[in-house]
Amino acid sequence: MLQPKLLFSSLRPLVTHPAFIWVNGVTLGILGVLGFYARASGKTYRFSVLFEDPYSGGPFYKAFFTNFSEVMWCIALGICLFCFGLMRSLNRRYDWFFMGTALVIAMLLLDDLQRISLVLKYGWGWPKGIMYLVYMGAIAIYTWVFRRRIIRDTPFPLLLIMVGMFLISALADVFGNKSQPGRFALFEDGTKLLGLMNLVLYCWLVGQQEVKRLVINARGER
């Protein structure tokens with residue numbers, strides 16, 4: 001079980017890390033400025049347009065954050081797969097932590113690209129909550145399998161931030177008031193984007209840490 005003391009001791013150096021400050025500061029700053037402008041101009045629908053599906057016509061900025069999010073998903077997935085292959089080639093062993101992380105990211109990326117939750121809702125009548133439970137179950141299994149590695153060797157508070165933001169997004173999607181598109185987009189898509197940025201940062205820091213460890217070990221063996 002995760003102890004509060006361990007959480008705070010891990011969170012303290014993380015929140016002062018330049019990458020954490022920049023990633024979260026820039027993301028929150030951009031969302032805040034755009035949200036304020038949309039509200040001040042009385043055209044909050046323009047804010048929601050940034051998160052719409054990119055499959056139909058519209059202004060040039062339509063679906064900007066949707067496309068940006070998919071690129072971020074791919075970056076996180078690429079980092080994990082690269083590290084999995086690198087560990088295998090240099091250590092002569094498989095590091096299943098990176099593969100497990102890659103599989104979870106691929107699952108969420110596929111839903112983001114193919115809109116699986118929407119397809120099942122409008123095609124088969126399945127509530128979105130069912131798919132959310134499936135994804136939460138997969139994430140829970142991943143967390144349980146790699147719990148020691150996650151807590152001992154990674155900046156796991158980033159994962160807690162990601163899960164928290166995704167949970168807010170899911171609750172907004174299921175119970176949110178869609179009659180106010182700007183506010184709805186902020187709570188559903190804005191929080192999801194913030195969680196995704198912390199996931200990318202998590203993959204980056206963990207991958208960087210493992211590569212450094214391999215280099216140090218390689219130098220020590222010479």
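In the predicted model, Asp112 and Lys192 form a salt bridge in which the closest N and O atoms are 3.1 Å apart. Asp112 belongs to helix H5 (residues 96–114) and Lys192 to helix H10 (residues 181–221), so this pair ties together parts that are 80 residues apart in sequence. Asp112 is buried, its relative accessible area being 9%, whereas Lys192 is partly exposed at 26%.

The protein as a whole contains 10 helices and zero strands, and its pattern along the sequence is accordingly written α-α-α-α-α-α-α-α-α-α. Of its 222 residues, 39% are buried.

Salt bridges number seven in total. One of them joins Lys62 to Glu52, with 3.6 Å between the closest N and O atoms. Both residues are placed in the loop between H3 and H4, so the bridge ties together parts that are 10 residues apart in sequence. Lys62 is buried, with a relative accessible area of 17%, while Glu52 is partly exposed at 32%.

A further salt bridge is formed by the side chains of Arg213 and Glu210, with an N to O distance of 3.4 Å. These two residues are both in helix H10, where three residues, or about one turn of the helix, separate them. Glu210 is buried, having a relative accessible area of 6%, and Arg213 is partly exposed, having one of 36%. The pair also takes part in a network of salt bridges that links Asp95, Arg149, Arg152, Asp153, Glu210 and Arg213.

The loop between H3 and helix H4 (64–91) also holds Ala63. Most residues other than glycine have a negative phi. Ala63, although not a glycine, has a positive phi of about 65 degrees. Ala63 is buried, and its relative accessible area is 0%.

Helix H3 (residues 45–49) includes Arg46, a partly exposed residue with a relative accessible area of 28%. When neighbours within four places in sequence are left aside, Arg46 is in contact with Tyr37 and Tyr61. Pro59 is 13 residues from Arg46 along the chain, and the C-alpha atoms of the two are separated by 9.5 Å.

The packing of two helices is described by the angle between their axes and the distance between the axes. For helix H6 (residues 116–124) and H7, the angle is about 145 degrees and the axes are 8 Å apart. The crossing of H6 and H7 is right-handed. On the H6 side, the contact is made by Ile116, Ser117, Leu118, Leu120 and Lys121, and on the H7 side by Lys128, Met131 and Tyr135.

Helix H7 (residues 128–145) also contains Ile130, which is partly exposed with a relative accessible area of 36%. Together with Trp124, Trp126 and Val134, Ile130 makes up a nonpolar surface patch of about 430 Å².

Note on methods. Residues numbered from 1 in each chain as written. Predicted model: local features only at pLDDT ≥ 70, side-chain atom pairs only at ≥ 80, totals over all residues. Heavy atoms only, no water. Patch = residues over 30% accessible without salt bridge, like charges linked within 9 Å, V, L, I, M, F, W, Y side chains within 5 Å. Areas by Shrake-Rupley, 256 points an atom, 1.4 Å probe, with all protein chains shown as cover. Salt bridge = Lys/Arg side-chain N within 4 Å of Asp/Glu carboxyl O. Helix = DSSP H or I, 4+ residues; strand = E, 2+ residues; numbered from the N terminus. Buried < 20%, exposed > 50% of the residue type's maximum accessible area, 1.4 Å probe, protein only. Axes fitted to C-alpha atoms, helices over the stretch in contact; angles between N-to-C directions. Left-handed = near helix turned anticlockwise from the far one by under 90°. Contact = heavy atoms within 4.5 Å.
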